[in-house]
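Here are a few exercises to work through with the structure open beside you. Try each task before you read its solution.

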Amino acid sequence: PIRDLYAAAPERLLDWNLSLLEILRPYFEPGAAGWVLQSELGATGRGTELLARIGRALGAGRLVAPRTARAHVDTAVLGRSGIEVEWFAYVPPVYPQLWGAFRKDLSALDLACTCGPRAADIVRRACRPWTP
């Protein structure tokens with residue numbers, strides 16, 4: 001599938017990224033229904049207000065976000081929209097790679113290609129609930 005993506009060479013980066021996400025989805029979210037683009041929701045705005053509008057459009061009651069986003073997310077704005085925030089700590093996992101010593105900060109593509117169906121479990125174990 002990756003070879004096909006490069007061979008097809010979509011004109012827009014968005015199309016290339018969406019195609020790559022479709023290739024990776026079975027490794028990280030098997031059975032997931034698909035993607036919804038912000039442009040399809042008609043949600044506009046900036047910052048937390050945009051998150052709240054997207055959440056309302058999707059009928060969301062919870063935002064799961066990394067603790068590193070705390071300085072950028074106004075929980076009061078989300079709360080007024082009926083959206084609670086659940087923070088998590090992410091510790092980048094060390095996983096078996098094919099050649100040499102472990103190289104950190106590679107992409108999800110590397111994890112999927114080297115660990116296959118175990119990739120989702122590796123990422124889940126790297127995410128831990130976090131309370132401020």
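**Exercise 1. Find which residues Q97 touches, not counting residues up to four places away in sequence.**

Step 1: Start with the contacts, where contact means heavy atoms within 4.5 Å. Q97 touches F102, R103, L106, D110 and T114, with residues up to four places away in sequence left out.

Step 2: Q97 sits in the loop between β2 and α6; helices (H or I, at least four residues) and strands (E, at least two) are DSSP runs, numbered from the N terminus.

Step 3: Check its accessibility. Q97 counts as buried because its relative accessibility is 17%; buried means under 20% relative accessible area, exposed over 50%, and partly exposed in between (1.4 Å probe, protein chains only).

Step 4: Look for polar contacts. A polar contact is a pair of N or O atoms within 3.5 Å; within protein, one must be able to donate a hydrogen and the other to accept it, and residues adjacent in sequence count only if both atoms are side-chain atoms. The side chain of Q97 reaches the backbone nitrogen of R103 at 2.7 Å, and the side chains of Q97 and D110 are joined by a polar contact of 3.2 Å.

A note before you go on: this is a predicted model, in which local features need pLDDT of at least 70 and side-chain atom pairs count only at pLDDT 80 or more, while totals for chains, interfaces and linings use all residues. Residues are numbered from 1 along each chain as its sequence is written, and side-chain values use heavy atoms, with hydrogens and water left out.

**Exercise 2. Locate V73 and decide: is V73 buried or exposed?**

Step 1: V73 lies in the loop between β1 (62–66) and α5 (75–80).

Step 2: With 13% relative accessibility, V73 counts as buried.

Step 3: Leaving aside neighbours within four places in sequence, V73 is in contact with T48, L51, L63, L78 and W87.

Step 4: Compare sequence and space. V73 and G47 are 26 residues apart in sequence and 7.4 Å apart in space, C-alpha to C-alpha.

**Exercise 3. Identify the buried residues of helix α7 and what they pack against.**

Step 1: Helix α7 covers residues 119–126, and its buried residues are A119, A120, I122 and A126.

Step 2: Look down the axis of α7. The buried residues fall within an arc of 160°, so they line one face of the helix; the arc is that of the directions from the helix axis to the C-beta atoms.

Step 3: These buried residues pack against α2 (13–28), β2 (84–90), α6 (108–115) and β3 (127–129).

**Exercise 4. How many salt bridges does the count come to?**

Step 1: Apply the rule: a side-chain nitrogen of Lys or Arg within 4 Å of a carboxyl oxygen of Asp or Glu. The count comes to seven salt bridges.

Step 2: Take one of them, E86 with R62, at 2.6 Å from N to O. E86 is in strand β2 and R62 in strand β1, so this pair ties together parts that are 24 residues apart in sequence.

Step 3: Turn to R124 and D121, whose closest N and O atoms are 3.2 Å apart. They are three residues apart in helix α7, which means a separation of about one helical turn.
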